[in-house]
Amino acid sequence: MPIRPADVADHAFIFDLVSRFTEFPLPATRTRGMVDAGIRRDLERLLRERPPTSFPYVLEEEDGGRAGFLHLQLLEDFFTGGRNCHVSDLAVAPGHEGRGHGRGMLAFAEAFARERGCERLTLSVFPGNARARALYESEGWEYELLRMAKAL
């Protein structure tokens, strides 16, 4: 399954995946509209500005059809000051689930991080996203921090 850098022709495909990031129970402090709008804003900025620490990719099927989106970021580790790679976004397109694409993109992210000398690979996941959490746990990911929020 080829994974290549995203280009301008991929923008509509990427934006069509925004709803994939909220297809599960969200925390009571967040609405689907709020989360979708925030993700869309962040992706629009990313694709417009192309920061040097941001790397958007598209996964393709063997026939060239787009099947997934992966956004990686290089960040400084808060605790050590070392380099981390963060999986900012990972989504498999509807109709392409169950083919190992999520695992493939995680393997790609791990290779990307190792090639760049990262000390760890990180990601964030909503508690209600049971399918993604099960995938990450089966691939050896562990919980490091739990973020808590209180609406005011």
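Contact here means heavy atoms within 4.5 Å. The model is predicted. In this model, H71 touches L46, S54, F55, P56, H86, V87, S88 and D89, leaving out residues up to four places away in sequence. H71 lies in strand β3. Its relative accessible area is 1%. H71 is therefore buried, as that value is under 20%.

Apart from neighbours within four places in sequence, L72 is in contact with T53, S54, F55, Y57, C85, H86, V87, F108, A109 and F112. L72 also belongs to the largest nonpolar core, which has 23 residues. Within this core, L70, L72, C85 and V87 touch the most other members. At least two core residues come from each of β2, β3, β4, α3, β5 and α4. Helix α3 supplies the largest share, 5 residues. A second core of 18 residues is separate and includes I14, L46, V58 and A93. In soluble globular proteins, nonpolar side chains tend to be buried together.

Helix α3 spans residues 101-115. The helix has 15 residues and reaches 21 Å from its first C-alpha to its last, close to the 21 Å expected. Its buried residues are H101, G102, G104, M105, L106, A109, F112 and A113. The cover over these residues includes strands β1, β2, β3, β4 and β5, together with helix α4. G117 follows α3 and has a positive phi, near 70 degrees.

Nonpolar residues are also found on the surface. F78, F79 and L145 form a nonpolar patch there, with about 440 Å² of accessible area together. L145 is in the segment after α4. This residue is exposed, with a relative accessible area of 61%.

The structure holds 15 salt bridges. R120 takes part in a salt bridge with E119, with the closest N and O atoms 3.1 Å apart. R120 also forms a salt bridge with E144, at 3.7 Å between the closest N and O atoms. This second pair links distant parts of the chain, 24 residues apart: E144 is in the segment after α4 and R120 in strand β5. E144 is exposed at 54% relative accessibility. E119 is partly exposed at 40%, and R120 is partly exposed at 31%.

Another salt bridge joins the side chains of E49 and R48 (3.7 Å, N to O). E49 is partly exposed, at 47% relative accessible area, whereas R48 is exposed, at 57%. Finally, R4, D10, E60 and R66 are linked in a network of salt bridges.

Conventions:
Residues numbered from 1 in each chain as written. Predicted model: local features only at pLDDT ≥ 70, side-chain atom pairs only at ≥ 80, totals over all residues. Heavy atoms only, no water. Helix = DSSP H or I, 4+ residues; strand = E, 2+ residues; numbered from the N terminus. Expected span 1.5 Å × (residues − 1). Buried < 20%, exposed > 50% of the residue type's maximum accessible area, 1.4 Å probe, protein only. Core = buried A, V, L, I, M, F, W, Y, C linked by side-chain atoms within 4.5 Å. Patch = residues over 30% accessible without salt bridge, like charges linked within 9 Å, V, L, I, M, F, W, Y side chains within 5 Å. Areas by Shrake-Rupley, 256 points an atom, 1.4 Å probe, with all protein chains shown as cover. Salt bridge = Lys/Arg side-chain N within 4 Å of Asp/Glu carboxyl O.
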